[in-house]
Amino acid sequence: QVQLVESGGGLVQGGGSLRLSCSGSIAGITLLGWYRQVPGNQRELVARINNSGNTIYEESVKGRFTISRDNAKNTIYLDMTSLKPEDTAVYYCWGGVYGKEYWGKGTLVTVSS
C-alpha cells in the first residue's frame with residue numbers, strides 16, 4: 001500500500017509563491033500529480049507528470065505552476081508562483097499505476113487578496 005503525505009500548504013498573499021511536497025514510495029508509480037478541490041466543487045487536475053518527466057497542466061496554472069518528481073527522494077513537488085485568490089483550495093497528491101490510484105489527505109492552500 002502506497003501512502004502519500006503532502007506538506008507545504010499555508011496562507012500566502014496574492015502574487016506570492018509556495019512549494020508543496022508529497023512524500024511516499026513513488027519510485028514505482030508511473031503517473032504522479034496534484035489535484036485541488038474547493039468545497040462544493042469537483043476535484044480538478046492541476047498538474048501531472050510521468051516517469052519520463054513529461055508534464056501536463058490545467059490551463060489556468062500554465063506558466064505559474066511547475067510539477068517535478070525526485071524518485072531518489074521519494075518526493076514530488078508543486079512549485080506555485082504568482083498565486084491568485086482563485087488558487088485557494090485543498091491540494092491533493094495523487095499517484096496512478098496499473099489501474100490503482102493513491103491519494104494523499106490533502107493540504108490547504110489559502111491565497112489572500
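Which residues of the largest nonpolar core touch the most other members?

Analyst: This is a predicted model, in which local features need pLDDT of at least 70 and side-chain atom pairs count only at pLDDT 80 or more, while totals for chains, interfaces and linings use all residues. Residues are numbered from 1 along each chain as its sequence is written, and side-chain values use heavy atoms, with hydrogens and water left out.

The core comes first. A nonpolar core is a set of buried Ala, Val, Leu, Ile, Met, Phe, Trp, Tyr and Cys residues joined through side-chain atoms within 4.5 Å. Buried means under 20% relative accessible area, exposed over 50%, and partly exposed in between, with a 1.4 Å probe and protein chains only. The largest core has 27 residues, and those that touch the most other members are Trp34, Val46, Phe65, Leu78, Met80 and Tyr91. At least two residues of this core come from each of β3 (18-23), β4 (31-37), β5 (44-49), β7 (65-70), β8 (75-80), β9 (89-97) and β11 (107-112). Strands here are DSSP runs (E, at least two residues), as helices are (H or I, at least four), numbered from the N terminus. The most is given by β9, with four residues. In soluble globular proteins, nonpolar side chains tend to be buried together.

Tyrosine 91 shows what such a residue meets. Leaving out residues up to four places away in sequence, its contacts (heavy atoms within 4.5 Å) include Leu20, Trp34, Val46, Phe65, Leu78, Met80 and Val109. Tyrosine 91 also touches Glu6 and Arg36, among others.

A covalent link comes next. The structure holds one disulfide, meaning a pair of cysteine sulfur atoms within 2.5 Å. Cysteine 22 is joined to cysteine 93, with an S to S distance of 2.0 Å. Cysteine 22 is in strand β3 and cysteine 93 in strand β9, so the pair links distant parts of the chain, 71 residues apart. The torsion about the S-S bond is about -85°, so this disulfide is left-handed. Cysteine 22 is buried because its relative accessible area is 0%, and cysteine 93 is buried because its value is 0%.

Side chains of opposite charge can pair when their charged atoms come close. One of the bridges is between arginine 36 and aspartate 87, with the closest N and O atoms 3.0 Å apart. Arginine 36 lies in strand β4 and aspartate 87 in the loop between β8 and β9, so this pair ties together parts that are 51 residues apart in sequence. Both of these residues are buried. Aspartate 87 also forms a salt bridge with arginine 64, where the closest N and O atoms are 2.8 Å apart. Arginine 64 sits in the loop between β6 (55-57) and β7, so here the parts tied together are 23 residues apart in sequence. Arginine 64 is buried, as is aspartate 87. Through shared partners, salt bridges join Arg36, Glu44, Glu58, Arg64 and Asp87 into one network.

Valine 111 counts as buried because its relative accessible area is 5%.

Four strands form an open antiparallel sheet in the order β1-β3-β8-β7, where two strands pair if DSSP finds at least two bridges between them. Its edge strands are β1 (5-7) and β7, each pairing on one side only. β3 and β8 are joined by six antiparallel bridges, with arginine 19 opposite aspartate 79 of β8. Six bridges also join β7 to β8, again antiparallel, and serine 68 stands opposite tyrosine 77 in β8. In the hairpin of β7 and β8, four residues lie between the strands, and asparagine 74 takes a positive phi near 50°. β7 has a covered face of Phe65, Ile67 and Arg69 and an uncovered face of Thr66, Ser68 and Asp70. In a regular strand the side chains alternate between the two faces of the sheet. Phe65, on the covered face of β7, brings the account back to the core, where Phe65 is among the residues that touch the most other members.

Technical notes: Salt bridge = Lys/Arg side-chain N within 4 Å of Asp/Glu carboxyl O.
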